[in-house]
Amino acid sequence: MKPPQFEYEAPSTIAETLELLDRFGDDAKVLAGGQSLMPLLNFRLARPAVVVDINRVRGLARLDIGPDGVRVGATVRQRDAERHLDVAAANPLLAEALPLIGHFQIRNRGTVCGSLAHADPAAELPAVAVALDAEMEVQRRHGKRTVPADAFFVDALTTSLAPNELLSATTFPIWRGGDGWAIEEFSRRSGDFAVAGAVAVIRLDGGVCAEARLVAFGLGGSPQRLTGSEAAIRGGRIDDGAIERAVVRAREEARADGDIHGSAAYRAYVVGSLAGRAVRRAAARARAGTAS
Amino acid sequence: MVLETKPAIGRVDGYDKVTGRAQYTEDLPLPYGTVFCAILASPYSHAAIRDIDARRAERLPGVVAVLTREHLDGMDPYLRSGGFGGGPQALRPFIAIEKVRYDGEAVAAVAAETAEIADRALSLIDVTYDELPAVFDPAQALEPGAPLVHEAIGSNAVGEYVWSWGDVAQGFRESDRIFEDVYTFPSVFHHPMENVGGCVAEFRGNEIQLLAPIQHMFHGREEIAQLFGLAPERVHVRSPFIGGGFGAKELKQPHLIALWLARKTGRPVRTAASAEESMRTDCRHQMVYRVKTGVRSDGTLWSQEIELLCNEGAYSRGLGVSRLAVGGAWGPYRVRHMRITGRSVLTNRVPAGSFRSVAKPQVTWGYESNLETIARAMGIDPLDFRLRNFLRRGDIIVDGATPLDADYGGMLKQTAEAIGWNGRSQRVGLASTPSPPTGKVLGRGIAATFRHGYSGSDNTHASLTLDGEGRLRIHHAVTEIGGGLYNVMSKVASHALDIPPDDIEIAHPDTDSPFSDGIASQRMTVCMGSAVDMACQDLKRQLIEIAVNVYGGTAEEWRLFQGRLWHGERSAALGELVRAVTPSGVLTGNGVHRTQRRENAFMGEVPYWGVSTGAAEIEVDPATGELRLLKYATACDVGKAIDPIACRAQIEGAALFGLGNTLYEELIYQDQQILNADPFQYRLPLLADLPEEFITIMVENGDGPGPQGSKGVGNTPVSPVAPAIGNALFEALGIRIHDLPITPDKILRALGRTQGAAAS
């Protein structure tokens, strides 16, 4: 299908962009890489009056790595972040997650911030952002605010962005040496959205789990922190028994929805399996990291 | 219209298709004054139509005509020609009359000056429906009190076909062990790359021209003639290249609607179907396979009772598919006592139709899963169990048909070996594997299938013209649908007349060309190949006659070699001989191939048997239910591969096709609607889902009825994929998924790791 009719605006500055969003509010949709918006338009699931194309906006395509973190501008392509020479060292979890998104043709166009703002339940990057406490830079016509990731994601396809606001950049923290990381996901067919997935970040202290962050995705709503599962491994050694307890807790606490690609019971079970695998890999990396 | 090909190597249609010159229906230039058709489809699977108000649409500027049941002016809207007989006929109207019976049934249509206006007009048509309870499952449809799809028939059961031999009751008494099982196969969509339902329709006075991708053009012509009350000769159907069909490319509702609008408006009418519309035109028959098998203690199959429910969907023309399902429902095995019952059942699904290897993937899924379960339960190796019971070359399968013309044992062994297995294993499930419970587990499975070579009668004509430059043109009425038919025709003619393929042109087919039943059922290598071969022999006879008259000698002394006729040292180019009788005309040769229809379960004399085997190695993850196909091998008895590349591609394509309905595909109905009739939600396998080792074995014994001993191959290899993978899963984890597709969700549930209903 072809998209419904819409007006097209292509501002060249952030100020113009914010002005347009302020003027059109709910009637406007931001177009960056188009990998989420264009299918929505073509399936007529979204019918915005105005599409605001931010690809020509100066300054949004920057990826900066500094002491505050990896700051990814609104039009930075997923593929550019993936192939950036320094991203893997600065934030290896982000580097591990990016290649899991769709196919490379999709990542050539799709943007990091676009995926975050779209907040698809099955997307990898929102879970990564929550696991890492990423900071979302949100601008509107007369102001700017920074939103922590776990306050940014509200529900499936819903964020705390107001209609007149733009996610202008996201900052992922610089990796702390010694942290272990892993992302695991399962999709039924190569390149499909994940049926379920899990992200783990683990810090060891003398072989004991000092910090653990586990986030599940693909359950139907926002990325979900698996706090019970985290508690099951925090404060002890991460051995087979601890992992199995974390798996069981994850299956209990996962709030999953079902659809034609997987029932709720299935998703909850698999999230447990994947969380266990993520913990196992992250812990191994943490051990290797702290040992060296 | 003639192909402008540069065929030197590869496919004769390859150059045109790769360069974009090849025209499909949507590429055709539109005749002057063409109007555009849009169709309002029912959003319900079952609802009475209380009222249709199209007045606002009719008043919209740019709208040229509107069609609803109110506009028929006494025309009989029901399609009555054709049909299989054998049960009540659940006739379909070309536009909904008193009620809608499936999601997507056409309720109204508009012809307008632009496609946009036509679309807008649809939104101005108000239809008031009274929802009726819908039934989608064939077993439920047979229960007392089930909603009736056609009240006038009085039941959703529309026919029964029974085939039996021996005495099953006696057979079960003589059996040492009895096994009972039920397997189901989902309705899936053909999913050709070109959507179903596009056309350009024209009425010129009292003559109809329909340009549309249609596999059975003459059958379409007859249906159109009946509906519009014309002699069939007044109907001209032309099929450009078909962008894949797999059975779906037939005369469909949108074509008839376009023709009605063309008659009404006096202008050409174009339809172009969306993917969502296309996916509501046709599907494979959902089937329930219920089996009871009696076996002797030595592993000899002894007695079998099989009951099939074939889900016809909302309309049915009799027992065609139930009958073909019954024919071969037990597999390529010797069984002493047999009783098979096939029942056709109406439901509120999209009407099911022809589909690559009609009815065979469904029954193969049933019998090969059942057999493997028996073999494993009796502690007999999967290969040995089958070797003991296989039909052998020369066995009579049904009176009046060709005896079995293939060697199952050798083929199945070879197929297993291709994935590095000897077909022997006593392992079932996790218990005997050393893997930890979260580790991935390997499993291997084999399966065999058989089908009648092709179904029903056949009547295929080819007509050749040879001009003074020595160029040969083949006139015929069968479209290249992607399977490589034009290559076969070209190669057969090239071989028969010993001329280069460059000198051969293939005309585009239409109903004014020499008759053919149409392309389907893997029949064209044998049927059209033979017709072309005979036409070449006819031409050769005439050329020799001319040579004798012009140059002397006897007919026996002239020999054809490298595109010239030779008599000792003297030779003449074929073109010269044509010029000797006509300075600027052509010489014509004709050939016809016929197969008789028989009143058996295969609906014909079966000139050869479609024989194929498959072997799969999988890896399955019990923690997620993920199933990965690591290796898949197919063997297919091809008789002789006339074009080895195209032949291999047909077999590979068939296996990939089978992978779709094994792991991914299913049309899911809920309440009144299909949940996934779009290419985004409906999952097809991608090339990336193919196993790393994907092996094709072409068995060539030169014993087929086609040119050079060939047989047809495009259908048969679809069927073994699902049971081979299902059997591999059985070896890996000891679980049996009875309902395709095999999804991770179902695997975890079968392992007892999750409860409740699995998603599809």
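This report covers the confidence of a predicted model and the build of its chain A.

## Confidence in the model

For the complex, the predictor reports an ipTM of 0.91 and a pTM of 0.95. In chain B, the mean pLDDT is 94, and 97% of the residues in this chain reach 70 or more.

One stretch of chain B stands apart: over residues 1–8 the pLDDT is below 50. In the model, this stretch has 24 contacts beyond near neighbours in sequence. Where pLDDT is low, predicted coordinates should not be read in detail.

## Secondary structure and overall form of chain A

Chain A contains 12 helices and 14 strands. Its radius of gyration is 19 Å, and the globule rule gives 19 Å for 292 residues, so chain A is as compact as a globular protein of that length. The C-alpha trace of chain A spans about 60 × 45 × 30 Å along its principal axes.

## Inside chain A

How much of chain A is buried? Of its 292 residues, 53% are buried.

## Surface and charge of chain A

Chain A carries 36 positive and 36 negative charges.

Definitions and conventions. Residues are numbered from 1 along each chain as its sequence is written. Chains are lettered from A and ligands numbered from 1 in the order in which they are written. This is a predicted model: local features need pLDDT of at least 70, side-chain atom pairs count only at pLDDT 80 or more; totals for chains, interfaces and linings use all residues. Side-chain values use heavy atoms; hydrogens and water are left out. pLDDT is the predictor's confidence in each residue, from 0 to 100. Contact means heavy atoms within 4.5 Å. Helices (H or I, at least four residues) and strands (E, at least two) are DSSP runs, numbered from the N terminus. The radius of gyration is taken over C-alpha atoms; the globule rule is 2.2 Å times the number of residues to the power 0.38. Buried means under 20% relative accessible area, exposed over 50%, partly exposed in between (1.4 Å probe, protein chains only). Lys and Arg count as positive and Asp and Glu as negative; His and the chain ends are not counted. The place of a charge is taken as NZ of Lys, CZ of Arg, CG of Asp or CD of Glu.
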